[in-house]
Amino acid sequence: MRHMTKNTTITFESLQLIQPIQKALSSEGYTHPTPIQAQAIPLILDKRDLFGIAQTGTGKTAAFTIPILQMLASHTHAEKGKKPIKCLILTPTRELASQIGESIANYGKHLKSNHTVIFGGVNQFSQVNAIRAGVEILIATPGRLLDLINQRIVSLKEVQYLVLDEADRMLDMGFINDVKKIIATLPQKRQTLLFSATMPADILKLASTILYKPATVEVTPTSSTVEKIQQTLYYVEKNDKKKLLNHILKDKEIQSALVFSRTKHGADKIVKELIKANITAQAIHGDKSQNAREAALRNFKSGQTRVLVATDIAARGIDIDKLSHVINYDIPNIPETYVHRIGRTGRAGESGKAYSFCETEEIPNLMDILKLIKIEIPVVTDHPYAMTVVAYTKPKADSKKAKPAGGNKFGGIRNGGNKSAGKSSGAGKKNEDGNMSGKRKFKR
Ligand code: AMP
């Protein structure tokens, strides 16, 4: 990944990874392990319990999925018949669960281990079928998993590896009791890995009850990654976003930009508008054929197209050197997605720039982002489409200031004013189990 510090002395070979995994990693374009991977992989392969303090964007998913795949590979071939669940990965949201599933599919593509992802809010039918067919690695959100355990569809009696990913978020979302009930059905003898971005007392307590003599691995939090990126924020009416984009792209310094759209339809619309304004642009998203996506990426890399408009899912596979500008046309509703998106700039010590367009409805999403990154994003007020009324509270009294992107004057983040702005879509977002997410609702 572009913004992560990579450890240039340690290689994946030196971590004693088996060939099928190394092959998969090189086809992913990974050259060196990230610090969390370099530290955690040998410990996990050594069968230690692990307390990993790492946020998203550090490469933590690969840090636990790679060694687990390797350990499973050493005992799968001997067994015949239906596979029992040997590894359980618990995660707070359906999006994270799916991302972990994708990572396992990628890193394990030359291995025999199979996996499935289960979460709430959708019919359980296909999930049940997948489990009944036999699955080695189960990635699950707690609510749905507990449901399936209670229905006696899932048995965790043979689990050897347990991962709790984003444990602090699971706690925040009120999943602690479900998590405890699930863990109670697991064998005592197992290897447990707990990852958390923060270490509040509740997490320490949980860690002390479920981890056995754990090794602790800590990596620089996301904020340091994020701080390196020059971020700016534009408050703008929804209908003015396209004009704002054209306005920003008048800056010839922006030779190429990756624009993020939350939806595929939105991505197509942005491209249309850009082309109308004589700006070369192409979209990549799930409805485009593989060929069309590859062509769009090629054209973008070669400089033939100036703007690539992508959805988050489609952008995951993009590997572009020296991406200088990222534009969040929409504010993502999952805060980590913001970090993923802007992390695509500023590769190898160069400082990238990230612009975010925020309409009133998106302010609650923005607040979640500010809470996660713990820095203020400077606001550009001197653009022709500036929204006049903005209201929200500062994320944290101790928050630091992010570097503003050059060439603009900035207004500060303002309090007061139109209170309804912050409330308008304050209903929050549904989590994977169909519940409302966010501390407000879940604190028990
Ligand atoms: P995570 O922190 O697990 O969400 O990972 C963030 C991103 O980093 C993902 O898009 C991974 O595909 C990517 N990534 C993980 N490990 C590496 C690596 N060693 N080299 C390059 N990219 C990586």
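These notebook entries record what I looked up on one helix packing and on a group of aromatic rings.

**Entry 1: the model.** I worked from a predicted model.

**Entry 2: helices H15 and H16.** I looked up how helix H15 (residues 335–342) packs against helix H16 (residues 363–373), and found an angle of about 70° with the axes 8 Å apart. I therefore class H15 as roughly perpendicular to H16. On the H15 side, I listed Pro-335, Glu-336, Tyr-338 and Val-339 as making the contact; on the H16 side, Asp-368, Ile-369, Leu-372 and Ile-373. Sorted by class, this contact has six nonpolar and two charged residues, and no polar ones.

**Entry 3: aromatic pairs.** My search of the whole structure returned five aromatic pairs. One of them joins Tyr-234 and Tyr-355: the ring centres lie 6.0 Å apart and the planes stand at 70°, so I recorded the pair as edge-to-face. Tyr-234 belongs to strand E8 (residues 230–235) and Tyr-355 to strand E13 (residues 353–358), so this pair ties together parts 121 residues apart in sequence. I then checked burial: Tyr-234 counts as buried at 3% relative accessibility, and Tyr-355 is buried with a relative accessible area of 4%.

I next examined Tyr-329 and Phe-357, whose pair is tilted, with 5.8 Å centre to centre and 50° between the planes. Tyr-329 sits in the loop between strand E12 (325–328) and H15, while Phe-357 lies in strand E13; the pair links distant parts of the chain, 28 residues apart. I found both Tyr-329 and Phe-357 buried.

**Entry 4: the cluster.** Which residues form one aromatic cluster? I noted Tyr-234, Tyr-329, Tyr-355 and Phe-357.

Methods: Residues numbered from 1 in each chain as written. Predicted model: local features only at pLDDT ≥ 70, side-chain atom pairs only at ≥ 80, totals over all residues. Heavy atoms only, no water. Axes fitted to C-alpha atoms, helices over the stretch in contact; angles between N-to-C directions. Helix = DSSP H or I, 4+ residues; strand = E, 2+ residues; numbered from the N terminus. Parallel < 35°, antiparallel > 145°, perpendicular 65-115°, else oblique. Contact = heavy atoms within 4.5 Å. Nonpolar A, V, L, I, M, F, W, Y, C, P; charged D, E, K, R; others polar. Phe/Tyr/Trp six-rings, centres within 6.5 Å; stacked < 30°, edge-to-face > 60°. Buried < 20%, exposed > 50% of the residue type's maximum accessible area, 1.4 Å probe, protein only.
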